[in-house]
Amino acid sequence: MWNMMCDVMPTISEDSISQRSSQFSGEDANFEQLMVSMLDERDKLMDSLRETQERLGETEMKLADVEKERDSLQRQIAANLPQEFATLTKELNAAREQLLEREEEISELKAERNNTRVSLHHYVYPE
């Protein structure tokens, strides 16, 4: 049975080997070019990664500074706001009281005016 298979196998000529080796050398050149391109791309990506990491570090430092400034401003507001708030509340209550007094005066003046008109109307045009 082994002998039958050997008889069936085609013979390999030297011309086909030289064609294959030239074909492989072309593929090797393409593979080498592909590897060089991939390595160049990897280098570019690594540079981009380093730059991005540096920017991230700088941004984190700026964020920490801004958070400190925000906390400081919040402390200042908390320290000053109650006094100002209390003063503003007193002024607002005083203004409300004055407004109520003025509204009462206006209502009384309107009522007096209406009474005067009614009485004048009554005297001018007797029934």
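Q: Buried means under 20% relative accessible area, exposed means over 50%, and partly exposed is in between (1.4 Å probe, protein chains only). So what percentage of the 127 residues here count as buried?

A: That comes to 0% of the 127 residues. Keep in mind that this is a predicted model, where local features need pLDDT of at least 70 and side-chain atom pairs count only at pLDDT 80 or more, while totals for chains, interfaces and linings use all residues. Residues are numbered from 1 along each chain as its sequence is written, and side-chain values use heavy atoms, with hydrogens and water left out.

Q: OK, how many helices and strands are there?

A: The protein has 2 helices and 0 strands. Both kinds are DSSP runs numbered from the N terminus: helices are H or I with at least four residues, strands are E with at least two.

Q: How much accessible surface does the protein have?

A: About 12600 Å², and 58% of that belongs to carbon and sulfur atoms. Accessible areas come from the Shrake-Rupley method with a 1.4 Å probe, and for residues only the protein chains shown count as cover.

Q: Switching topic: how many salt bridges does the structure hold?

A: There are 4 of them. A salt bridge here is a side-chain nitrogen of Lys or Arg within 4 Å of a carboxyl oxygen of Asp or Glu.

Q: Which residue does Asp47 pair with?

A: Asp47 bridges to Arg50, and their closest N and O atoms are 2.7 Å apart. The two sit 3 residues apart in helix 2 (residues 14-124), so about one helical turn separates them. Asp47 is partly exposed at 39%, and Arg50 is partly exposed at 44%.

Q: Why can side chains pair up like that?

A: Side chains of opposite charge can pair when their charged atoms come close.

Q: What about Asp43, which partner does that one have?

A: Asp43 forms a salt bridge with Arg42, at 3.2 Å between the closest N and O atoms. Asp71 also has a salt bridge, with Arg70, at 3.0 Å from N to O.

Q: Is Asp71 buried, exposed or partly exposed?

A: Asp71 is partly exposed, with 28% relative accessible area.

Q: Which residues form the nonpolar patch?

A: Phe31, Leu34, Met35 and Met38 form that patch on the surface, with about 400 Å² of accessible area together. Patch residues have over 30% relative accessible area and no salt bridge; like charges are joined within 9 Å, and nonpolar side chains (Val, Leu, Ile, Met, Phe, Trp, Tyr) within 5 Å.

Q: And where does Phe31 lie?

A: Phe31 lies in helix 2.
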